[in-house]
There are 2 protein chains.
Amino acid sequence: MAKKNIKDFIIEGTEVYLPSLSLDCVIFGFHETQLKVLLLKMKNAKQWCLPGGFVFKDEDVDEAAQRVLKERTGLSKIFLHQFNVFGKPKRSDSNFHREILRKDGIELKDDHWLFRRFVTIGYYALVEYSHVNPEPDNFSDYCTWRDVNDLPDLMMDHRHIIGEALNTLQTHLNYHPVGYNLLPAKFTMPQLQKLYETILNKNLDRRNFQRKILSYGILRRLEEVKKGGAHKAPFLYSFDLRKYHKALKEGLQSW
Amino acid sequence: MAKKNIKDFIIEGTEVYLPSLSLDCVIFGFHETQLKVLLLKMKNAKQWCLPGGFVFKDEDVDEAAQRVLKERTGLSKIFLHQFNVFGKPKRSDSNFHREILRKDGIELKDDHWLFRRFVTIGYYALVEYSHVNPEPDNFSDYCTWRDVNDLPDLMMDHRHIIGEALNTLQTHLNYHPVGYNLLPAKFTMPQLQKLYETILNKNLDRRNFQRKILSYGILRRLEEVKKGGAHKAPFLYSFDLRKYHKALKEGLQSW
């Protein structure tokens, strides 16, 4: 798809995609104290949008999400979580596509596949954004990390979809471990706390945080300390990956 | 739909429903120490199935789930949770529908809407099954509670869908309160423990259960005790509904 032009994509689309169904990926990017979301600016469009697309008629839906993300942003091997289906009849806005196409000199009939209602399946992921290199597809001018607290104008219900994905991510912090692949292999308690604070967008009490996170039994305190700071050298931690993955699967506090 | 015959339903279907999309409802029923699931046996079918259906072209997907459940089982005002999209290309089995229809003397072309691939959205709910009165729709002979540990032969991937719904329900026990509407307004600790044990399908340690469930702060111990037993009268509890609903929304252990 990446090298296909928009006209071919649209003409083929009617034949090759499942009608009425789309998917959208909310890729959150964490780095130091920043939480961002990956957005595209399509050519000829005023608004930004999530990387999204359609499902081939014979394609697994979850595999379609991986393919679409790769085609539109260049990102691969991202662990995507299905989080919600957005199925309101009025969520689709055929004018968005109509305007983009018109600027390319493409006029489609009102009953065209692309102008119909789409039920969209939302996926989300959380990555360390300095580890990945997003690249826009052929339909887009930009593919960029944008601050979740300062979003640009977005097409259709994409602002709502991002909000729901963020709610899901914040709720998951209550019962799933987070941090592996986001922090260095050895990290301090303040670094881990900052990750939680950034995702939750609030400050946490230092003592309560430490007590609670240690009670999960997913951390290993190392014999070494972090060197080079002005203050007393803080302890370094790493994740106990066996326990971490067990908790990912079963939840942090299972019966 | 309930009074419509299957021929009309199929002829109309092509026009009125979103193509390629369906939904299935996994309704778990708890009563005393039993966990069941509500299944339909369609006329002329050998296998059982979940109450499922399709989405009207202009209908909200979540509202469609409520309507389908009502039409197929008579159940209304059930709080349905979307839990997963089942999107494997091979999950649809056109032979199931073909055989049922053939026995009714209905032959459809191979490219008929009903024989195409469907991506299905799974919903689940948990109810007290002695409080509801399921009734089969016009397409089905039976609409019955079946033991989750002893399921009959099921169509397509419906056994897998039930398994995934049960996993979701069990995981939710780790961070959401459960019991309101399933237990009497006043209940004993053993009654509440039995509910958890039934859903989890395992025994729990009495002391650990009590300590953990009390730590959530959602229970109120009443001044009265349960009378009439042979043993020492156990304390009665009720849910603190304000805290219960807060925990439903925010999770039991939020940061």
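Lys and Arg are counted as positive and Asp and Glu as negative, with His and the chain ends not counted, and the place of a charge is taken as NZ of Lys, CZ of Arg, CG of Asp or CD of Glu. On this basis, the mean positions of the 39 positive and 32 negative charges of chain A lie 7 Å apart. The model is a predicted one, in which local features need pLDDT of at least 70 and side-chain atom pairs count only at pLDDT 80 or more, whereas totals for chains, interfaces and linings use all residues. Residues are numbered from 1 along each chain as its sequence is written, and chains are lettered from A in the order in which they are written.

Chain A contains seven helices and ten strands, these being DSSP runs (H or I, at least four residues, for helices; E, at least two, for strands) numbered from the N terminus. Of its 255 residues, 54% are buried, that is, under 20% relative accessible area with a 1.4 Å probe and protein chains only.

In chain B, strands β8, β10 and β9 form an open antiparallel sheet in the order β8-β10-β9, where pairing requires at least two bridges found by DSSP. Because β8 (187-188) and β9 (219-225) of chain B stand at the edges with a single partner strand each, one side of each is left without a neighbour in the sheet. Four bridges join β9(B) to β10(B), residues 235-239, and Val225(B) stands opposite Phe235(B).

Chain B can be laid on chain A with an RMSD of 0.0 Å by a turn of 180° and a shift of 0.0 Å along the axis, superposed by least squares on C-alpha atoms of residues with pLDDT of at least 70 in both. The two copies are thus related as by a two-fold rotation axis.

Methods:
Side-chain values use heavy atoms; hydrogens and water are left out. Buried means under 20% relative accessible area, exposed over 50%, partly exposed in between (1.4 Å probe, protein chains only).
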